[in-house]
Amino acid sequence: NHFMKRNFTLFLSGRFVSLLGTSIQQIAIPLFILQLTGSGTMMGLFLMFSAIPSLIFLPFAGVIGDRVNNKTAMIICDFLSGGIILLMAYLTHLQLITFELLLILQIPMAVNASFFGVATSSFLPQIIERKSIVKANSIKSALYNIAMIAGPSIAGVLFGFAGIEIIFILNACSFILSGISEIFIQYKHVKPEPFRGNVLKLFISQTREGLAYIKSDQQLVLLLLFGGVILNFLIAPFVGVIVPYVSRQVLSFSATQFGLLESIASVGILSSSILIAFLARKIKNKRLFSIGIIAQSIALILYSVIVFPSVRNSALLSPWMLFFLIAVCLFFYRFFNSLVSIPLMSYLQLKVKESMLSRFFSLLTLFKDITVPIGMALFGFLLDKVQTHILLAIISLSGLAISIVFIRRIDLK
């Protein structure tokens, strides 16, 4: 128990520091690209090309992750990321950085992130007790959201007063510190059977083995379909496309009000993560999941009702009362969404056997990375073709119907 707590503390400390640095840089990079090019198109291209390497390398990351020492993989990835970002800082200092160079350096960063993400997802259940996995994931989620809340504010101040160079340096240091903390984690890697032969054959055979393992378990198929495809297909577009569109174009909220809505939603996730940490051993996964999935659907339905013209234009609703109601809906939507995602992730980490963890989570991430852009593009297109309140009503009601079906079929013990 002592070593598990020590390992978990070292793991979380490293993740929080690197997440904070990453959240700062993620906000500053688009601002820097606009400063370099003055083009929104270039900013979009950068974000698109940043995602492509992950789609290509995630299957490889899953196969490799199940055969290598995950602790070593995380340390190498952290130091590599720190080195690449230090190079960005050095080129910026010499005034040699260009959009093209930034894009080239982002490719190894994205590949590295693929391997690191798979390694961390499969590493956590190996360093803590099984009974503590839900609590561990809730604490991890809480720290992630603290970093996401603090990062944008810090980024705005630093970029405005010191520029991108200091942000690169700070983020590089965050990755290096994360790597150093991981060195002290005590972990014994169980080596798989050595493979002799063609590397490509290894990849194909290991991928087939992973897919066969998932197909053999109906619950894993359902959870992969639900968690990797349906949830991301509906939720990511709602958060990333619909909420900004409704806030700015339909409800005419100011940029400050929209920023406040985002912060309130993040506080909802943070509050839920803290609550789950306390309730982890008192309430079963299935109950948390069921409450969360139904309640988030109800919050989405209430949001869509408020957006209806007859409601939002009612003389009974002042502009600030309308803002308050929207904020409450978004707070509870993100609050209950964590009641779905944390138990779901915890269950998967416990259910999937250790030798398959990396391959499973690489597939889960791959499905997410494929469905999210498709969902965002589709709902962005539909916003221009369908009345917003009608689209929201369809999404919310279909989401509730799908949720009820899956609750009946999914067994989260």
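A crossing of two helices is right-handed if the near helix is turned clockwise from the far one by less than a right angle, and left-handed if the turn is anticlockwise. The legends below describe close-up views of a predicted model.

**View 1. Helix α4 passes helix α13 in a right-handed crossing.** Helix α4 covers residues 99-127, and helix α13 covers residues 357-385. On the α4 side the meeting residues are V118, S121, S122, P125 and Q126. On the α13 side they are L357, S358, F361 and S362. By class, the contact of α4 with α13 has four nonpolar, five polar and no charged residues.

**View 2. Helix α3 packs on helix α4 with a left-handed crossing.** Helix α3 runs over residues 70-93. Its axis and that of α4 are 9 Å apart, at an angle of about 155°. Since angles over 145 degrees count as roughly antiparallel, α3 and α4 are placed in that class. The residues of this contact divide into 18 nonpolar, seven polar and two charged.

**View 3. N112 is a buried residue of helix α4.** The relative accessibility of N112 is 8%, so the residue counts as buried. Not counting residues up to four places away in sequence, N112 touches C77, L80 and S81.

**View 4. Helices α5 and α12 meet in a right-handed crossing.** Helix α5 spans residues 133-161 and helix α12 spans residues 319-351. Their axes come within 9 Å and cross at roughly 130°, which makes α5 oblique to α12. From α5, the residues I133, V134, N137, S138 and S141 take part in the contact. Their partners in α12 are I342, M345, S346, Q349 and L350. Sorted by class, the contact has five nonpolar, five polar and no charged residues.

**View 5. F32 and F168 form an edge-to-face aromatic pair.** A search of the whole structure finds eight aromatic pairs. In the pair of F32 and F168, the ring centres are 6.4 Å apart and the ring planes stand at 90°. Planes over 60 degrees apart count as edge-to-face, so the pair falls in that class. F32 belongs to helix α1 (residues 2-37) and F168 to helix α6 (residues 164-183). The pair therefore ties together parts that are 136 residues apart in sequence. Both F32 and F168 are buried.

**View 6. Phenylalanine rings form a cluster.** Ring pairs link F331, F332, F335 and F336. The rings of F332 and F335 have centres 6.4 Å apart and planes at 70°, so this pair is edge-to-face. F332 and F335 lie three residues apart in helix α12, about one turn of the helix. F332 has 37% relative accessibility and so counts as partly exposed. F335, at 12% relative accessibility, counts as buried.

**View 7. Q296 is a buried residue of helix α10.** Helix α10 covers residues 285-307. With a relative accessibility of 5%, Q296 counts as buried. Leaving aside neighbours within four places in sequence, Q296 is in contact with L231, I235, Y333, F336, N337 and V340. F336, one of these contacts, also belongs to the ring cluster of View 6. Q296 and I166 are 130 residues apart along the chain, and their C-alpha atoms are separated by 40 Å.

**View 8. L391 is a buried residue of helix α14.** Helix α14 covers residues 388-409. L391 counts as buried because its relative accessibility is 6%, and buried means under 20%. Leaving aside neighbours within four places in sequence, L391 is in contact with F379, L382, L383 and V386. L391 and F379 are 12 residues apart in sequence, and the C-alpha to C-alpha distance between them is 8.7 Å.

Definitions and conventions. Residues numbered from 1 in each chain as written. Predicted model: local features only at pLDDT ≥ 70, side-chain atom pairs only at ≥ 80, totals over all residues. Heavy atoms only, no water. Axes fitted to C-alpha atoms, helices over the stretch in contact; angles between N-to-C directions. Helix = DSSP H or I, 4+ residues; strand = E, 2+ residues; numbered from the N terminus. Parallel < 35°, antiparallel > 145°, perpendicular 65-115°, else oblique. Contact = heavy atoms within 4.5 Å. Nonpolar A, V, L, I, M, F, W, Y, C, P; charged D, E, K, R; others polar. Phe/Tyr/Trp six-rings, centres within 6.5 Å; stacked < 30°, edge-to-face > 60°. Buried < 20%, exposed > 50% of the residue type's maximum accessible area, 1.4 Å probe, protein only.
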